[in-house]
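Dear colleague,

I am passing on the structure we spoke about, and my notes follow below it. Please read them with the structure open.

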Amino acid sequence: MKLTFYPGCSAHATARPYDESFRAISRALGVELVEIDDWNCCGAMASQSIDRAKALVIASRNIGLAEKLGNDIVAHCSSCYVVLRKVMKAWQTEPETKALIDGALAEIGLSISGKLKVMHAYEFYTNENMLELIKSKIKKPLRGLKVASYYGCLAVRPFTDIDDPENPMRLDNLVEALGGEAVPYAMKTKCCGGALIAVEEAASQEQFSKHLECARQEGADCIQACCPMCLLSVDTYQGRVNKNLGRDYNIPAFYFTELIGLALGLDPAELGLKRHFVSNEALIASLA
Amino acid sequence: MPIPLPVIEADGGAFLSEVASKPGAEKIRICIQCGTCSGGCPFAHLMDYTPRRLFAMIRAGMRDEVLKSNTLWLCSSCYMCAVRCPQDIPFTDIMYAIKNIAVAEGKYPDPCRGGIFYGLMAGQVAKYGMTTEGLVMTRYYLKLRDIKGLLNNMGLALGMIRRGLLPLVPILPRKIKAVGDLHKIVKYVDTHRSKTGGGS
């Protein structure tokens with residue numbers, strides 16, 4: 001199976017373990033990822049906030065480049081996924097925006113056919129057939145591991161055709177398929193506040209603490225996420241939350257792709273597991 | 001089909017029509033003011049006006065108050081309001097549309113940290129085709145003259161560099177190869193938008 005891959009800016013920065021583990025499990029499961037050559041940043045929330053038309057056109061260049069490769073597009077960053085789907089929706093439903101996108105892309109020899117589907121990596125790796133394939137290749141089941149699944153906002157909203165927008169279950173089902181235990185997590189689709197990380201530092205850290213507190217109260221050994229901002233909020237900032245709000249959380253957080261990789265018996269170094277701020281060594285050792 | 005509610009319009013409905021003319025925003029006319037949006041908003045407590053109130057103000061024609069409110073810049077784009085709205089109004093997208101109007105007219109709350117942050121990032125995307133997190137953050141804190149904030153984040157940046165999550169020199173701008181193509185399509189939007197009225 002072949003997919004066109006749009007990594008996005010965070011893949012080479014804060015979300016490097018997501019990118020490394022996503023590529024590693026894809027290799028192990030026989031999914032060929034063909035990266036879009038010379039892709040550009042989707043613009044995330046920022047570009048739309050300033051100038052929507054320009055943001056959509058800039059992001060549409062990626063779809064135009066993907067058309068040359070022909071396969072459906074997969075993105076692992078939730079923000080990239082939503083922006084690319086927004087481009088497709090505007091192209092399909094807004095004639096004036098479509099004319100602007102088509103005109104701009106024609107200037108650089110690109111076009112959109114409307115045939116390519118944009119998928120989230122979490123959507124791709126949690127469909128029933130894929131879960132069966134993963135199960136058949138498990139070497140080290142995550143026996144006894146209690147996992148809180150953190151979906152965040154953009155993987156389940158505004159596009160609600162993949163999972164329930166407030167109580168999704170696909171990542172929870174994945175945990176069970178990997179042999180772990182999915183713990184209920186009331187904050188699973190609540191905003192992490194990552195968008196305001198530099199704008200409202202105190203308020204965003206307060207929001208991060210709510211997610212960590214919920215996971216602690218549910219007795220979770222760890223959190224799994226499918227969005228770089230979500231992981232940043234519960235992993236990278238966990239130390240700051242402890243310091244600034246007087247807490248003592250020690251909850252490792254993973255990308256769901258890392259947990260799949262662990263269950264498949266892949267090398268932790270290949271999965272980028274050492275790149276997290278909260279140490280996960282003891283937890284991983286306890287699984288073996 | 002729900003019937004639009006009568007509204008008190010200080011400006012004869014001009015601002016309401018302006019907002020409603022944006023793609024996907026026409027449904028703002030059928031808001032029933034139930035407040036479900038504000039109830040589920042993670043940052044309503046910090047806003048000058050809650051989302052429900054902001055939409056009432058749009059209908060009342062309070063243009064300047066809306067455009068200069070911090071509400072626009074505290075929306076974290078989580079889409080909870082949009083999926084919970086009983087009238088199916090895409091509030092988050094309408095919030096983006098109003099931000100676009102405010103930016104085009106240079107109307108901001110004072111200070112507007114969100115506007116500065118997004119402006120820097122959007123500028124980088126249009127110029128280089130990539131976001132360089134370290135550069136955005138550095139310019140952001142310098143622009144705010146917030147040296148304490150800058151130093152505070154440098155500690156975090158060092159931790160990221162050590163883990164290979166940021167390059168050794170995190171303020172060197174990353175660029176795509178076809179920067180010329182990028183500038184061509186950006187220019188195309190600037191010169192053709194008025195004719196087509198596309199997008200915003």
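Helix H3 (51-59), H6 and H7 of chain B each supply at least two residues of the lining of the largest cavity, and H7(B) gives the most, with 3 residues; helices here are DSSP runs (H or I, at least four residues), numbered from the N terminus. This is a predicted model, in which local features need pLDDT of at least 70 and side-chain atom pairs count only at pLDDT 80 or more, while totals for chains, interfaces and linings use all residues. Residues are numbered from 1 along each chain as its sequence is written, chains are lettered from A and ligands numbered from 1 in the order in which they are written, and side-chain values use heavy atoms, with hydrogens and water left out.

The largest cavity has a volume of about 140 Å³. A cavity is a set of points on a 1 Å grid over the protein atoms alone where a 1.4 Å probe fits but cannot get out, and lining residues have an atom within 4 Å of a point; the volume is the space filled by probe spheres set on the points, which are joined across faces, edges and corners. Of its 18 lining residues, Cys41(B), Pro51(B), Cys75(B), Cys78(B) and Cys81(B) lie nearest the centre.

Turning to the interface, the contact (heavy atoms within 4.5 Å) takes 63 residues from chain B and 65 residues from chain A. Between these chains there are 6 salt bridges, each a side-chain nitrogen of Lys or Arg within 4 Å of a carboxyl oxygen of Asp or Glu; one salt bridge joins Asp93(B) and Lys86(A), with the closest N and O atoms 3.1 Å apart.

With best regards

Technical notes:
On a 1 Å grid over the protein atoms alone, a cavity is a set of points where a 1.4 Å probe fits but cannot get out, and a pocket is an open set with protein on both sides within 12 Å along at least five of seven lines; lining residues have an atom within 4 Å of a point.
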